[in-house]
Amino acid sequence: MGSMNSPLQHYADAFERLPEAARTTHRREALQRLLALGLPTPDLEDWKYTDLAALRELTPGPSDYRTIPEGAPPADADGLDAFNATFAVDGLDVEIAAKADLAEPLLATGTGHRRHRIRVGRHARALLRIELDPDAEFQTAFFDVDLAEGASLQVLRTQDATPDAQLITRIRARLGRDAKLDVSTVDLGGKLGRHDLNVDLAEPGAEVRLRGLFVASGSGLIDNHTRFDHRAPHGTSRELVRGLAHDSGRGVFNGRIVVHPGAQKTDSEQRIANLILSPKAEINAKPELEIYADDVKCAHGATFGQLDLTALFYLRSRGLPEAEARALLTLAFAMEPLRQIPNAAFRNEALKRVATHLRSDLDEAALVS
Amino acid sequence: MLEINNLHARVEDKEILKGVTLSIKAGEVHAIMGPNGSGKSTLSHVLAGREGYEVTKGGATFQGQDLLAMEPEARAAAGVFLGFQYPVEIPGVTNLYFLKAALNAQRKTRGDKELDAADFLAYVKQRVKQMQMDVKMLHRGVNEDFSGGEKKRNEILQMLVLQPKLMILDETDSGLDIDALKVVSDGINAMRSKDTATLLVTHYQRLLDYVQPDFVHVLAGGRIVKSGGPDLARELEEKGYGWLAAA
């Protein structure tokens, strides 16, 4: 355990104040890792835009600590993973039987730090709805997902945060043969949002899709990091992401694709489009491709721009006032990745969130779904 | 209805319109023909209020109002409609919403009562049928994945829905097969009345076989170099534009 002078000591103190039942061996081991590693700092490449300095001061308070999924930490687990494992109050621990087909989504909601484990059995299908706490001063939600052969999981994660909210999520998933993971994310507002999606396409034929929208506003930061490891042949990955930044909002999208030796016939595409709506707003989008196989298709593109002036004139020439025309084009741009969400309930929910957030009074007939 | 007086306009440093004068009265159909690069599209865009054009001299009034001082949406509400040569795709926004929002925005500006969803749907469906389009198009994105011909039909549909007074149709006939040309022409003719006027901007005479103009003008080098009746269009079709440019 760290010395009394360590800046991490308050974590150790907070841990000792947990109810005895919560101070499990698993949590205590996580605390040891946390004290050794600390929270990530901006001198790490993956954290260069997001400074957790202010969060480092926050001490987790008393809460109703329940059992959380226990297991060996991932090989590349960092101090944030250790923090989450130490102080998570609750979490799903679900194993879905082979060939089951769940119509109702699993719900990962609630306040405080959360740690979840979801196993989807062979050829089973499931839905996962993640809703972050919009008022959280600091919330972390970590997900450990495993999809067996032929399994399929659709995820909708939304963050519709108040201006002071600081939210961190990480989804780590391992995909078996022909497994499909389809993740849709809607990140709206907040002071700090950091969202990692790390997917291991471990066996042949695995497929991952990300459909994402983030809207940074006020002085908020939304930082998205994805890492897809294609480790086996015939894997597919798709990322379609739109970023908007208003005011002095900042957005980051860092999309890393690693095609490992032997992952032939990998088919990967990453498309990021950004709309900067104010002179002080900023978005950084960076594809990172590492390709160690020769027979692969990897396409990527990032664009930055303002609204299409021809389209704006077209709408105004039909009588729409300029402000309404701008709002409509912005909304259409924002919704593009979400229109193709396969699950209808998820799709409608995502589109509704965006319309509400962008303060649009558009009726349901407005948008193609 | 529309009075264009010695209109000069330029894009960046290039002068495109060099003194266009034209008077269009209610009830009339005028055709402006001319070679590529003569300034036909620039004239259409300047009249509709597109940014990027600088009017350096002269002006235009619409029903006595200074047209060039108005915002594009104000021109639309006053009754000016531009049929685009290249209609814009707006993925994600349905035609139904777009049409309703446009009509109601115009009605609001004019002080008319806005139409509710049910009334509007009945109103628009009738016009979709008139244009021989599938009503399912109302739930597709504006011009999204439309063929060239479908886009032009959609321009005329918008015109039928919005019921403008002055229709400026920029190369509406380009990209149309003969059946579509017939439907589009019928749409334009349906709008003809003693209270409306039409300005057809076209490179070819083909459209004028279906929409008979009262006057034909030749725009070349940024000026109207010749005006006449419907026969002028046929003469141009036979002889081309060369003899006029040389004049």
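Author: Gladly! This is a predicted model, and we can begin with the lining of the largest pocket, which by class has 13 nonpolar, nine polar and 20 charged residues.

Reader: What makes a residue of that lining count as charged?

Author: Asp, Glu, Lys and Arg count as charged. Among the lining residues nearest the centre of the largest pocket are Asp76(A), Arg170(A) and Arg172(A), so these three belong to the charged class.

Reader: Why is another space called a cavity rather than a pocket?

Author: A cavity is called that because a 1.4 Å probe fits in it but cannot get out, whereas a pocket is open. The search of the whole structure finds four cavities of 30 Å³ or more. About 130 Å³ of space lies in the largest cavity, so it passes that cut-off of 30 Å³. Of the 18 residues that line the largest cavity, Arg157(A), Thr185(A), His195(A), Leu210(A) and Asn224(A) are the closest to its centre. The largest share of this lining, four residues, comes from β10(A).

Reader: Now for the two chains: why is the pair Arg316(A) and Glu73(B) called a salt bridge?

Author: The closest N and O atoms of Arg316(A) and Glu73(B) are 2.7 Å apart. The cut-off is 4 Å between a side-chain nitrogen of Lys or Arg and a carboxyl oxygen of Asp or Glu, so the pair qualifies. The count between chain B and chain A is five salt bridges.

Reader: Which element gives the most to the side of chain B that touches chain A?

Author: That is α3(B), with eight residues. By class, this side of chain B has 20 nonpolar, 10 polar and eight charged residues.

Reader: How do you know how big the interface is?

Author: The size of an interface is often given as the accessible area lost when the parts come together. Here the area buried between chain B and chain A is about 2,500 Å², and carbon and sulfur atoms give 63% of that. The contact takes 38 residues from chain B and 24 residues from chain A.

Technical notes:
Residues are numbered from 1 along each chain as its sequence is written. Chains are lettered from A and ligands numbered from 1 in the order in which they are written. This is a predicted model: local features need pLDDT of at least 70, side-chain atom pairs count only at pLDDT 80 or more; totals for chains, interfaces and linings use all residues. Side-chain values use heavy atoms; hydrogens and water are left out. Contact means heavy atoms within 4.5 Å. Buried area is the accessible area (1.4 Å probe) that two parts lose on being put together, summed over both. Helices (H or I, at least four residues) and strands (E, at least two) are DSSP runs, numbered from the N terminus. On a 1 Å grid over the protein atoms alone, a cavity is a set of points where a 1.4 Å probe fits but cannot get out, and a pocket is an open set with protein on both sides within 12 Å along at least five of seven lines; lining residues have an atom within 4 Å of a point.
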